[in-house]
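Please open the structure in your viewer and keep the selection panel at hand.

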Amino acid sequence: MDSRNSERFIQTYNRIDNYMRKYLDKDSRQGHLSVIKEMVKKGHPIFTKEGRFLEECAELRNAIVHEYGVDNIRIIAEPHDDIVEAYEEIYQKISDPPLAYNELAIWVHHLVVANLDSSTKKIIELMNAKDYTQIPILDEEGKLFGVFSENVLVSYLADLKLSKNGYGQVEIRTLRDFEDYLPIDSHAGEFYDFIALDVNVYEVKDIFVNHEYRGNKKLAGLFVTQHGRPEEVILGFISPWNMVTYPRD
């Protein structure tokens, strides 16, 4: 067993400790184990998945280290190679998190999209067959015009009934008939936002978990663009379900 294992282990312990305290804005008065539990409770994906192992490493740290004075420690045991390597691997995932675009997003060339001239009938049939709740509407440049969703359809029909005192004989041919309802600022009950390519999975997790409702509107999804600007070409889309199913084994 490498006698340097303890040095590597303590270094990783300290790095994880610093990361957690910075993430939660905690000072040193709260114990390491307690901070791990708070990270798990907050829903951090890596801590949710590896929480028990991290707690065991915290207990192991106390077993192999004898503290005396303020900044001095004395090593009284050496951790096994596999424990140290697993611990370092977890820190690597924490310190260099994967990008949301790579891990969570449906890339635009895999994304089912439509345009204003798409057949409404075909789009609704597709949504029903595939259990889709929303279809992004892109313009000729690949930029977002809006989203056709169940919410849009309900709003359109509700306004139609009020304006005509009933639905009557209304012919809906293309999504252009919904043009005033498609822009994301026009949706009732839901809103969408934009993120940049360099946003990581933990930041997206935080957006979905801690987002504030806009009036009575809930977050229905995130569009990925180069710099997170609405006027840019759409590169991908992340739904709440994509986040719920992460991390993947």
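The tour below visits confidence, a pocket, a cavity and some salt bridges.

This is a predicted model, in which local features need pLDDT of at least 70 and side-chain atom pairs count only at pLDDT 80 or more, whereas totals for chains, interfaces and linings use all residues. Residues are numbered from 1 along each chain as its sequence is written, and side-chain values use heavy atoms, with hydrogens and water left out.

Begin by colouring the chain by pLDDT, which is the predictor's confidence in each residue, from 0 to 100. The protein chain has a mean pLDDT of 89, and 90% of its residues reach 70 or more. Helices (H or I, at least four residues) and strands (E, at least two) are DSSP runs, numbered from the N terminus.

Next, select Ile106, Leu111, Tyr132, Gln134 and Phe237, which lie nearest the centre of the largest pocket among its 16 lining residues. On a 1 Å grid over the protein atoms alone, a pocket is an open set of points with protein on both sides within 12 Å along at least five of seven lines, a cavity is a set where a 1.4 Å probe fits but cannot get out, and lining residues have an atom within 4 Å of a point. The largest pocket holds about 300 Å³ of space, where a volume is the space filled by probe spheres set on the grid points, which are joined across faces, edges and corners. Strand 4 gives the most to this lining, with three residues.

Which residues line the largest cavity? Select Tyr23, Lys42, Gly43, His44, Tyr202, Lys205, Asp206, Val209 and Asn210 to see them. The volume of this cavity is about 50 Å³, and helix 8 (residues 201-210) supplies the largest share of its lining, five residues.

Now show Arg21 and Asp17, which form a salt bridge with their closest N and O atoms 2.8 Å apart; the term means a side-chain nitrogen of Lys or Arg within 4 Å of a carboxyl oxygen of Asp or Glu. The two residues are four apart in helix 1 (residues 5-24), so about one helical turn separates them. Both Arg21 and Asp17 are buried, where buried means under 20% relative accessible area, exposed over 50% and partly exposed in between (1.4 Å probe, protein chains only).

Finally, select Glu141 and Lys143, whose salt bridge has its closest N and O atoms 3.2 Å apart. Glu141 is exposed, at 53% relative accessible area, while Lys143 is partly exposed, at 26%.
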